[in-house]
Amino acid sequence: MQIEWVNWVSVFMALIATASTIITYAVYRSSTDPEVIVYADTDKKRPSVIILIIENIGKGPAENISFKTSRELPEKAFGIKEPDDMPKAMSSGPITTGIPYLAPSQKVIITWGQYGGLKKYIGRDNIVVKAQYKRANSKFRFKELDSSSQIFVEAFYQTDISDLNWDRKISETLIKTNEQLQNIDKAIKKLGSEEV
């Protein structure tokens, strides 16, 4: 009876050791693996423009990144001139050709279009983008990783598209101030020459 109890304890301890090893490996992988995602966002410096962002949010670099989409993405989908004028399907750029290397926290930003053009092409549906890639600098390069993202344009309906480009606003203010100072300087010089 005691031998049987010792056997069960041994099996239980072996299971705990195995679970601990699996958890340690999972934590290690999550702290070193890349994770490439694709998402849409508004461009903070160009009002009304929507950008497509490819980003490695993982802790390790990714290489040989390729993308598969559930349907074609539009490109340069800006304001529509004619009711029947449909944006063209994306035929170039990193989504179609892939990316050779992406460091952790590195982003690739694509000017995608405006809400009206994108909405006309995509409609209310979302587009699923699957990224496939490998760990860079890894001994086990045969294992391919993947991640899935969803892109939807409907979320940008009635969003704030005010001009937040403070760099440009400050630059324009400085140019106007400089012009005013030049005018004041000319007026002072003119007054000085008239007095002589």
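**Strand pairing around β2**

Ile37 stands opposite Glu55 in β2. The model is predicted, so local features need pLDDT of at least 70 and side-chain atom pairs count only at pLDDT 80 or more, while totals for chains, interfaces and linings use all residues. Residues are numbered from 1 along each chain as its sequence is written, and side-chain values use heavy atoms, with hydrogens and water left out.

Strands here are DSSP runs of E with at least two residues, numbered from the N terminus. Two strands pair if DSSP finds at least two bridges between them. Strand β1 (residues 36–42) is joined to β2 by seven bridges, and the two run antiparallel. They form a hairpin with six residues between them. In that turn, Ser48 has a positive phi of about 75 degrees. Strand β7 (residues 107–114) is also antiparallel to β2, again through seven bridges. Here Ile50 stands opposite Gly113 in β7.

Strand β2 (residues 49–56) is mostly covered. Eight of its eight residues are buried, meaning under 20% relative accessible area (1.4 Å probe, protein chains only). Val49, Ile51, Ile53 and Glu55 point one way from the strand. Ile50, Leu52, Ile54 and Asn56 point the other way.

Positive phi values also occur elsewhere. Asn64, not a glycine, has a positive phi of about 50 degrees. Asn64 is placed in strand β3 (residues 62–69). Asn64 is partly exposed, at 47% relative accessible area, a class that lies between buried and exposed (over 50%). Lys76 is likewise not a glycine, and its positive phi is near 50 degrees. Lys76 lies in the loop between β4 (74–75) and β5 (88–89). Lys76 is exposed, with a relative accessible area of 63%.

Conventions. Helix = DSSP H or I, 4+ residues; strand = E, 2+ residues; numbered from the N terminus.
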